[in-house]
Amino acid sequence: MKNKIQAIMDMVIAKNQGEPEFHQAVREVVESLMPFIEKNPKYEKAKIIERMVEPERVIMFRVPWLDDQGEIRINRGYRIQMNSAIGPYKGGIRLHPSVNLSILKFLAFEQVLKNSLTTLPMGGAKGGSDFDPKGKSDNEVMRFCQSFMNELFRYIGPDTDVPAGDIGTGGREIGYMFGQYKKLRNEFTGVLTGKGLGWGGSLMRPEATGYGCVYFVEEMLKMKGESLKGKICAVSGSGNVAQYTVEKLLHLGAKVVTLSDSDGFIYDAGGIDHKELKCVLDLKNVRRGRIKECAKEFKCEYFEKKKPWQIKCDIAFPSATQNEISGEDAKILVKNGCIAVGEGANMPTTPEGISVFQKAKIMYAPGKAANAGGVATSGLEMSQNSMRLSWTREEVDRRLHDIMIAIHENCVKFGQEGKYIDYVKGANIAGFVKVADAMLAQGLV
Ligand code: NDP
C-alpha cells in the first residue's frame, strides 16, 4: 500500500512542481483513502484518484486595473475547475497576496470532497487573485473586481460554475463582480453566491460557515455525552468564519477567549460577549481595522505576531488560514487539555499537527467536513435562485443544521474505529465515494 501511495505522490509532485500545499492536501486524502480503495478495486482499475488530482480545467488570466492615482496595476486571476462529476463547479474566490496555483489547487481539490459531503449536487472549484483588498479604496476594489470579471465571465454561469466568497472576498466584492457579470451577459442569474439579500442572496449565508462548524462540533461532543455549555473556546481569525463561529458559540453558552488577525491575537479571559462581538463586526466589516484596536476597547490583552494556541482552552476553532496550527501548537493545545478541534478554515492544521491530535485521540473535525456549512448554504442559495423564491431565516438554518448532522453521521459511518472516530478518514471516504461512483457511471470524460 505504501508503494501505491508513493507512486501517486511521485506523479503529483512531478506534474505540479513547487506546489507544496497541493501536495499536502492530496497526500492527506490519498493516505486515508488507500485502504478503502484496496478493498474496492473498481476505483483503482478506473484510475479514479489519478483522474481526481488532475483539474478538469485551469484558467489563468491578466487583471489590469487603475488605482486612485491613475497608475496601472496588474494582478493575476485564476479559476481552477477541478471536478464536475456531481454538479456545476462551485467554490470561492480568494483575494490575498499569497494566492498562487498551489494554494488554489489544494483548495479546489478539498472543495470537491467537501461539496460531495454536503449531500447537494455541486462539483468543486476555486479561484482568486494575488490582489490584496486591504488598504484599497472602495473604488479601487470595484475597478479590480470589474476587470477580474471581464475575463472570468466567459467560464462561469449558473449551470456551469458558481463562484462565492472566501478570504478577502465578502459582500462588497461579490456585489461588484455580480454587477459586472450582469452587464456583460445582460442576464440576472444566480451566477455567484453570497449575494446581498435584496438581489438574490440567501438569509443565513454570512452566518453559515461559522454556525455550521459549531453545529458539527456540537454533534461530536454529543457522542461523548458532552455539550458546548461552559466550554472555553479559542478562535483564530476575525473575518466572516470567526465572527459567526463566536456568535453561535455564545448562543450555546460557550466562553470565547480569543480572536486574531494576521498581526496578532486578543485574549479576553472573561470571555468575549455579544456587545464586544458587535464591535468586532463593525471593526472588520465596516471600519476595516486591526484586531489590536479591540484590545484597547475591551481592556484585554493583545499578543503581537502570536497565534492563540498557547491559551488554555477546551476547544480550538482555527478560522483564519491554512497551516496555522503547527505540530508544536498542537502539542501545546493537547497539553493544555484541549478535547476537540473544529476547523472553520481550510487545512489550518499541518500534517504534524493532525498526527498529534490523532495520537492524543481528541475529537478532530477536518475543515472539509466542519466548514462545509458555507458551501452547503451557497447550494441552498442556488436552489432559491432557481425557484425564484426566498426561504425564511429559520428554514435555511434548519436545513443547514440538518446538513451538518448528516455530514457528521456520514463521517462516523466511514470513520469509526472502535470507540475512536477518525473524522479525517470518515470525511475523505464519504466525500470520495459519491464523486468516484459518478465518474465511473459517466465514463472516461
Ligand atoms: P476573511 O477574509 O473574512 O477573514 C480571514 C481572517 O483570517 C482574517 O482575520 C485574516 O486576518 C486572517 N488571516 C488571513 N490570512 C492569514 C494569515 N496568513 N495569517 C494569519 N491570519 C490570517 O475570510 P473567511 O473568514 O471567509 O475565511 C477564513 C478561512 O475559512 C479560510 O481558510 C477560508 O478558505 C475558510 N472558509 C471560508 C468559508 C466562507 O464561507 N467564508 C467557507 C469555508 C471555508 P487579516 O485581516 O489580518 O488578513
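**Notebook: aromatic rings and the sheet**

I note at the outset that the model is a predicted one.

Phe178 and Phe188 make an edge-to-face aromatic pair, with 5.1 Å from centre to centre and 75° between the planes. I counted this arrangement as edge-to-face because the angle between the planes is over 60 degrees. Phe178 belongs to helix 7 (residues 171–185), whereas Phe188 lies in the loop between helix 7 and helix 8 (205–223). The two residues are 10 apart, and the pair links distant parts of the chain.

Is Phe178 buried or exposed? I found a relative accessibility of 4%, so Phe178 counts as buried.

I next followed Phe178 to another partner. Phe178 and Trp199 form a tilted aromatic pair, at 5.3 Å centre to centre and with 35° between the planes. This pair also links distant parts of the chain: Phe178 is in helix 7, Trp199 is in the loop between helix 7 and helix 8, and 21 residues separate them. Trp199 has a relative accessible area of 29% and is partly exposed.

I then searched the whole structure for aromatic pairs, and the search gave 15. I also noted one aromatic cluster, formed by Phe61, Trp65, Phe131, Phe144 and Phe148.

I went on to charges over rings. Lys248 has its charged end over the ring of Tyr211, at 4.5 Å from the ring centre. Arg399 lies over the face of Trp391, and here the distance to the ring centre is 4.0 Å.

How many strands form the open sheet, and in what order? I found 5 strands in the order 1-2-4-3-5, with mixed pairing. Strand 1 (57–66) and strand 5 (161–164) are the edge strands, each pairing on one side only. On average, neighbouring strands of this sheet are turned by 20° against each other, direction ignored.

I examined the pairing of strand 1 with strand 2 (residues 72–83): the two run antiparallel and are joined by 10 bridges.

Helix 6 (residues 138–152) lies across strand 1, strand 2, strand 3 (89–95), strand 4 (124–129) and strand 5. I recorded that helix 6 runs at about 140° to strand 1.

Technical notes. Residues numbered from 1 in each chain as written. Predicted model: local features only at pLDDT ≥ 70, side-chain atom pairs only at ≥ 80, totals over all residues. Heavy atoms only, no water. Phe/Tyr/Trp six-rings, centres within 6.5 Å; stacked < 30°, edge-to-face > 60°. Helix = DSSP H or I, 4+ residues; strand = E, 2+ residues; numbered from the N terminus. Buried < 20%, exposed > 50% of the residue type's maximum accessible area, 1.4 Å probe, protein only. Lys NZ or Arg CZ within 6 Å of the ring centre and 35° of its normal. Pairing = 2+ DSSP bridges. Axes fitted to C-alpha atoms, helices over the stretch in contact; angles between N-to-C directions. Contact = heavy atoms within 4.5 Å.
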